[in-house]
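The exercises below are meant to be worked through with the structure in view. Each task is followed by a solution that goes step by step.

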Amino acid sequence: MKILVPIKRVADPDNANKVKVAPDGSSVTSEGLEWKLNPFDEWSLEAALRLTENAAEKSRVGEVVVVTIGPKDATQTIRQGLAMGAERAIRVEGDDAQLDAWQVASVLAAVAKKEQPDLIIMGKQVVDGDSNVVPQYLAELLGWPALNYAQSLTTDAEGKTVKAQRELDTGVETLEVDGPAVITCADRILHPQAVKNGVTPDDFTYPAIEGGRYATLKGIMKAKRKPIDETTVGDLGVEAAATVQYTAFELPPARSGNTTFVESVEELVEKLHADAKVL
Amino acid sequence: MQPYLFEGDEHAELRRQARRFAQERIAPQAAAWEEAEEFPRALYGEAGEAGLLGVGYPEEWGGSGGDFGHMLVVAEEFVVAGTSVGTTVGLGSHGIALPPIVRFGDDAQRERFVRPVLAGEKVSALAITEPGCGSDVASLRTRARRDGDHYVVDGVKTFITSGRRADLVTCAVRTGDAGHAGISLLVIERGTPGFRVSRKLKKTGWWASDTAELSFDECRVPVKNRIGEEGAGFAAIMANFVTERLALAGQCVAIASLAHAESIRFAQAREAFGRPLVGFQVTRHRLADMATRVAAARALVGEGVTRYLAGDARPSLAAMAKNAASDACSEVCDHAVQIHGGMGYMRETLVERLNRDARLYPIGGGTREIMNELIAKSY
């Protein structure tokens with residue numbers, strides 16, 4: 001089975017104080033930022049790796065290709081994906097901050113047409129832009145089914161049919177989809193038994209960790225030798241124009257830091273209404 | 001925090017992984033584990049699963065590959081991001097227990113002892129020091145008498161890191177006459193009749209790390225547990241010393257970096273006489289001196305590691321690095337406590353604990369005085 005996993009780097013939220021807006025408000029500046037893999041993408045990559053391995057024997061049985069749109073120094077993020085276990089990577093040259101969701105989806109659609117994966121598994125959104133529309137655009141452009149917020153994934157050893165569970169307000173919905181398809185994952189996909197592929201024994205339990213697997217030093221060293229195809233939007237023949245124009249950016253107002261302790265729910269509601277004016 | 005000059009891209013990525021592990025698995029419980037004088041045994045398994053215990057060990061025996069430089073940066077991230085020195089050194093006790101087995105053991109021993117420890121399934125310790133014998137290793141008295149396929153071991157070992165929980169102890173014993181030529185290394189396994197933990201020791205610092213006194217009373221150890229030839233133990237112990245001392249020096253650099261960072265944070269937030277502490281020149285200069293001490297120690301440790309990795313292992317340089325880094329660490333931690341004022345004297349404050357941890361380093365792994373003897377002999 002071959003799975004395409006789109007990934008994107010985001011400013012490390014632990015260093016969020018370094019996120020600055022250009023003086024003229026036209027953009028968010030990236031100087032001095034430390035980058036990390038978008039957490040939703042990391043979970044999706046973890047799910048893709050689980051679907052394409054025999055975890056009991058620690059062997060790979062399928063192929064995971066990570067793809068990102070970004071400048072040269074986004075290669076670090078790609079290497080992280082390769083170090084976790086992806087087989088190879090594609091970097092599409094571009095300024096990720098300047099693209100809108102439609103353009104991103106168009107580029108990914110062109111890559112998918114070239115790669116012909118059995119599945120695309122991706123983050124439902126990126127924690128910087130928070131648009132949450134690229135997976136749906138992408139499925140539409142490809143004419144593939146879209147399956148959102150999967151909390152568990154089950155395939156047979158061939159991997160053509162995917163059974164997924166989604167948590168809804170009213171309960172758990174179980175869906176079945178034939179690939180190729182676009183799938184996004186919820187955080188519960190990291191549950192130690194959320195992904196089953198018919199190869200790893202069904203009773204296998206993954207370690208319970210927050211986020212995707214750790215890249216081992218062995219994986220990090222191997223990643224240095226794994227192939228990264230570099231291409232451009234032009235080479236892919238994508239001519240999508242931006243449908244969204246960014247007009248201005250501003251930082252949220254600084255918090256006052258004042259803390260008020262209340263004695264009762266009534267007092268809380270009163271203060272939220274009269275002082276904070278949020279009710 | 002500046003990386004060492006010997007670091008490349010893969011060190012940066014390895015640091016990210018180790019930092020994440022330390023932030024998620026160590027930092028939230030660091031203070032509680034230090035107060036409880038123990039961290040959960042399950043942490044070995046988690047670190048093993050993440051491939052972090054195996055860094056610096058050959059893949060053939062369950063390691064993650066890499067070299068001593070990779071090991072050093074993992075330990076630094078554990079200290080700086082995990083904020084528990086005791087947990088770091090307890091998790092890392094195999095760093096001194098396993099190298100003699102990897103270097104001088106046979107394949108059966110590597111399979112039995114090295115693999116399960118790197119997976120975090122078993123805990124290992126190194127036992128050399130005795131109640132009457134520390135730096136003067138050649139005078140150790142724990143006796144191992146040959147009896148058929150066994151050695152019968154009698155004696156006491158003390159200050160053993162991870163001693164209480166160790167499943168296997170790489171132990172220096174006397175199999176021959178007085179002096180260094182009579183020393184051998186045996187791996188003594190938990191549960192061997194006659195081997196017991198006689199007491200848990202209370203220390204100034206390193207609280208989360210378990211430190212014990214072990215005693216051997218007519219303890220029968222199979223001859224197949226001997227590492228290398230009989231009488232070759234002293235050389236195997238000596239071969240460990242360069243990396244052990246550089247590792248300790250690296251911990252000092254990490255502790256001092258952390259104490260400095262904590263001090264900056266405190267000095268920016270705490271106000272006195274109407275302005276933050278960093279608004280006073282005396283504080284700024286103290287912080288600048290601390291940064292300089294850390295940078296100088298880091299440079300010397302980096303040189304020691306770089307030379308070691310290039311095949312130029314210099315015991316005197318490792319000794320200098322250990323002394324320079326432990327002095328820097330003691331001084332920086334003392335300054336950090338001073339900057340924190342009354343809070344610096346409180347157990348709830350990180351630098352109070354780091355200041356206690358720092359006191360180990362001019363003593364452990366060869367005292368300051370022994371280091372100076374080594375240095376004096378080198379020119």
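**Exercise 1: The interface**

Chain B and chain A bury about 1700 Å² between them, 53% of it on carbon and sulfur atoms. In chain B, the residues that lose the most area to chain A are B:Glu10, B:Gln17 and B:Arg20, which together make up 30% of what that side buries. The model is a predicted one.

Task: describe the side of chain B that touches chain A, and find which side chains meet in a salt bridge with a distance of 2.5 Å, N to O.

Solution. Begin with the contacts: 19 residues of chain B are in contact with 19 residues of chain A. Next, turn to the polar part of the interface, where the rule finds 7 residue pairs in polar contact, both residues being at pLDDT 80 or more. Helix H1 of chain B, residues 9–26, gives the most to the side of chain B that touches chain A, with 10 residues. Sorted by class, that side of chain B has 4 nonpolar, 7 polar and 8 charged residues. Finally, the rule finds 2 salt bridges across the interface, and the side chains that meet at 2.5 Å, N to O, are those of A:Lys224 and B:Glu10.

**Exercise 2: A helix with a buried side**

Task: determine which residues of helix H4 of chain A are buried, and what covers them.

Solution. In helix H4 of chain A, which spans residues 134–142, the buried residues are A:Val134, A:Pro135, A:Leu138, A:Ala139 and A:Leu142. They lie on the same side of H4(A), because they cover an arc of only 130° around the axis. What covers these buried residues includes helix H3 (101–115), strand E10 (119–123), strand E11 (146–155) and strand E14 (181–185) of chain A. After the helix comes A:Gly143, whose phi is positive, near 75°.

How values were computed. Residues numbered from 1 in each chain as written. Chains lettered and ligands numbered in written order. Predicted model: local features only at pLDDT ≥ 70, side-chain atom pairs only at ≥ 80, totals over all residues. Heavy atoms only, no water. Contact = heavy atoms within 4.5 Å. Buried area = accessible area lost by both parts, 1.4 Å probe. Salt bridge = Lys/Arg side-chain N within 4 Å of Asp/Glu carboxyl O. Polar contact = N/O pair within 3.5 Å; in protein donor to acceptor, adjacent residues only side chain to side chain. Helix = DSSP H or I, 4+ residues; strand = E, 2+ residues; numbered from the N terminus. Nonpolar A, V, L, I, M, F, W, Y, C, P; charged D, E, K, R; others polar. Buried < 20%, exposed > 50% of the residue type's maximum accessible area, 1.4 Å probe, protein only. Arc of directions from axis to C-beta.
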